[in-house]
Amino acid sequence: MPVRHTSSLIWKWEKPLLNQTSRRNAIKILATGVAAPGAAQALDGPAAPSAESGDILVTQFGARGNGNADDTAAFERAIRTASEQGRRLRIPAGRYRITRTLTINRGIRIEGDGIERSVILAASGKGRPVIHVEAKTTDSIMGFALSGIRLLAAVPDDPCDGIRLSTAGNGAAIHQTTLRDIHIVSTGTGVSLAGVVYRSCFENISVTGHVTRYGFYCDAGFEDVTYNSFRDLEVTHVRSGAYAYWIHSNYSNFTNLTADGCCYFSSPGGSIRNLAIETITAEKPPSDIAIQLNQVQIAECLNLIGVDRRKCLIGVRVIGQGLSLRAIRLVAPQPDRAVIFDAASEGTLTGVYVDQSATRIEDYTPVETLDRWVVQAAQAVTRPVRSK
């Protein structure tokens with residue numbers, strides 16, 4: 001994966017506003033009662049259960065869940081039936097082998113029996129997601145929910161991706177989606193977003209077991225990824241050249257995140273609370289900056305634990321104006337430069353603790369930049385404490 005150069009990370013206000021009309025058109029379509037395009041007819045196989053029979057089970061459509069049989073076609077039939085009948089789809093305990101992408105274009109609810117019991121053995125092909133929630137032109141997917149599964153890449157040396165949410169075409173949108181209680185293992189990218197995705201929740205999700213590109217990703221194809229909530233997420237075993245988090249989601253909140261790899265967040269008007277990086281496991285990380293914050297309005301409780309300066313010289317890089325950074329802690333071994341400010345940035349920095357002595361902010365920050373910041377309770381990295 002090519003290394004990203006931080007010098008090119010310039011946020012522009014025009015970008016997140018390019019396609020606001022797409023989301024508004026989608027809301028209008030819903031309000032006028034225009035239905036989404038009808039689902040395709042079910043594939044040949046066991047007859048679909050009647051609408052009165054309660055939840056749909058993938059096993060009713062021939063899925064065996066023994067880890068050997070190819071259960072892809074059975075899952076496709078079950079998804080189509082759930083979409084047509086508007087019913088919940090359940091994945092009972094088992095190990096289900098899936099060999100191509102499962103595409104979902106309606107707001108259905110899919111539940112497994114828990115990450116230790118409902119396991120999907122994923123072999124959809126390198127770079128292809130196992131589960132793809134996809135909205136096309138003028139289509140709006142509202143209320144999709146997925147929970148209680150483990151997704152395990154079956155080909156670790158040539159891994160597929162995990163879960164992708166994306167839109168294509170004017171008026172397409174995905175909103176009020178919930179991904180919760182999911183464990184993703186050894187995929188290229190764990191969870192990715194693109195297009196118009198808003199008012200959605202991503203909670204209690206772990207991505208681990210050799211992350212080769214990204215744990216959580218949103219950038220390429222970004223149009224209007226806005227007002228989302230990311231909570232209780234973990235990314236571990238991040239390989240060389242890969243990022244734990246690379247997320248662009250405007251006016252969004254990130255809470256209780258952990259990782260062992262480099263992170264980049266862009267969220268104008270958004271916040272990050274309780275982010276911890278414990279070591280950098282990659283031999284060659286993609287950046288010498290552990291945490292990059294682009295227009296994140298509030299960032300507090302940022303912890304870098306055992307992040308060796310030979311891998312990441314810089315702890316936190318900050319881009320934007322009107323920013324508030326509070327409670328940054330570096331535990332040895334630690335980056336040499338705790339915080340660096342972009343030349344045009346301004347805001348307040350309060351409360352920096354470092355285990356060992358670090359290079360002072362004044363030693364590498366131009367006076368004209370430092371004068372735009374109020375720095376308090378940070379004696380370990382400033383000389384003297386600066387205030388206005």
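Trainee: Are Phe341 and Trp373 buried or exposed?

Mentor: Both Phe341 and Trp373 are buried (under 20% relative accessible area with a 1.4 Å probe, protein chains only; exposed is over 50%, partly exposed in between). The model is predicted: local features need pLDDT of at least 70 and side-chain atom pairs pLDDT 80 or more, while totals for chains, interfaces and linings use all residues. Residues are numbered from 1 along each chain as its sequence is written, and side-chain values use heavy atoms, leaving out hydrogens and water.

Trainee: How many aromatic pairs does the structure hold?

Mentor: Rings of Phe, Tyr and Trp (its six-membered ring) pair when their centres lie within 6.5 Å; planes under 30 degrees apart are stacked, over 60 edge-to-face, the rest tilted. The structure holds 12 aromatic pairs. The ring centres of Phe341 and Trp373 are 4.1 Å apart with planes at 15°, so this pair is stacked. It joins distant parts of the chain, with Phe341 in strand β27 (residues 337-341) and Trp373 in strand β29 (residues 373-376), 32 residues apart. Strands (E, at least two residues) and helices (H or I, at least four) are DSSP runs numbered from the N terminus.

Trainee: Which residues do ring pairs link into a cluster?

Mentor: The cluster consists of Phe202, Phe216, Phe230, Tyr245, Phe254 and Phe265. Tyr245 and Phe265 are also among the residues with the most contacts inside the largest nonpolar core, which has 103 residues. Such a core is a set of buried Ala, Val, Leu, Ile, Met, Phe, Trp, Tyr and Cys residues joined through side-chain atoms within 4.5 Å.

Trainee: Where is Ser252 found, and which backbone atom lies 3.0 Å from a polar atom of its side chain?

Mentor: Ser252 is in the loop between β19 (243-248) and β20 (253-259), and at 0% relative accessibility it counts as buried. A polar contact is a pair of N or O atoms within 3.5 Å; within protein, one must be able to donate a hydrogen and the other to accept it, and residues adjacent in sequence count only if both atoms are side-chain atoms. A polar atom of the Ser252 side chain lies 3.0 Å from the backbone oxygen of Asn250, and one lies 3.5 Å from the backbone nitrogen of Tyr227.

Trainee: Why is α2 described as largely enclosed by the rest of the structure?

Mentor: Helix α2 (residues 72-85) is largely enclosed because 10 of its 14 residues are buried. Among the buried residues are Phe75, Arg77 and Ile79. Their cover includes β2 (66-70) and β7 (118-122). Just after α2, Gly86 takes a positive phi of about 65°.

Note on methods:
Contact = heavy atoms within 4.5 Å.
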